Amino acid sequence: MTNLEALITNIELCSKADGYSTVTFPTLKKLSVNDVLTGRELADVELDVSFPCFPDVTTIWSSVSKHVRQQLLQIKPQAVSVQGLGIFHIQKWLSFENDEVLTFRRPLFSLSRTVAQIRELRSAFIPVPDEIKKVSVSYKNIHSDVPYSEEVVRNCMQETLNFFYFILTNRQDMDLILKDVGTLAIRGTEVTMAFCEDFLLSLNKSTYVVEKLLTKKWVISDKEVALFPSRFGRVYQLPQFEIRAVPRRASLTDKEILGEFESALSSMGIRGNVSE
């Protein structure tokens, strides 16, 4: 299980020692990643007593994912923005095949231009058509799903994204998982938004349409993310705050990979015992 407080504390100290603008995560240090909070932690976090006390970072981000999914699955889907990350919307078209009119619904994601500039990421900006209504994920709505105050929800999301930005600044690779929607995968300067096949099926109501979307590479399945190589052979995985093994990019020698990976861990304030 991830020791989130220790990880965050190391990064705070590292950012200060290396002369970066000091990065702090006061709310994240009070939360857990995948465990029930202790009595001391509960005393430090504003909880809504009408909810059962199983709060953690992944619970908050699961609610974010749920609201993104709900908006995209509407009969008239709206474009939904996650502030500080990017915007989702649905592209729809009709195709006449085998004497049948098929409806294709393709989910699209545009990374925020501000985020892309952190590391000169190659991410196509796909404008949302004017006729599609745009909404943002509401802290208030997320708060209604989880046992946290609206302020804690807002701070947790912002601090998780600050961690995301810090990893980008340090040129590390990562996966940001939006449960039941998909995975935002960053490898080097390449950005891929891969979607869950169950979500694609819910969106299209046809296994044939989903298979064609995937076969034509109009969308990428999140199952493929596990095969995306990284120069280090490992990626940061949010919001779980874990380091996950992936295939290594073959262009670097073992010595170069080891040196770069150790340097990366050091820059993130982590030393030794990184699990596979």
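Is F96 buried or exposed? Select F96 and show its surface: F96 is exposed, because its relative accessible area is 61% (exposed means over 50%, buried under 20%, partly exposed in between, with a 1.4 Å probe and protein chains only). You'll find F96 in strand 2, residues 86-97 (helices, H or I of at least four residues, and strands, E of at least two, are DSSP runs numbered from the N terminus).

A word on ground rules: this is a predicted model, where local features need pLDDT of at least 70 and side-chain atom pairs count only at pLDDT 80 or more, while totals for chains, interfaces and linings use all residues. Residues are numbered from 1 along each chain as its sequence is written, and side-chain values use heavy atoms, leaving out hydrogens and water.

Next, select L31, in the loop between helix 1 (4-17) and helix 2 (39-44). L31 is buried, since its relative accessible area is 3%.

Now pick helix 3 (57-72) and helix 6 (150-169), which pack at about 95° with axes 10 Å apart (axes are lines fitted to C-alpha atoms over the stretch in contact, and angles run from 0 to 180 degrees between N-to-C directions). So helix 3 is roughly perpendicular to helix 6 (that label covers 65 to 115 degrees). Show side chains for V57, I60, W61 and V64 of helix 3, and V153, C156, M157, T160 and L161 of helix 6: they make the contact (heavy atoms within 4.5 Å).

Finally, zoom out: the chain has 9 helices and 10 strands, and 49% of its 276 residues are buried.

Notes:
Angles under 35 degrees count as roughly parallel, over 145 as roughly antiparallel, 65 to 115 as roughly perpendicular and the rest as oblique.
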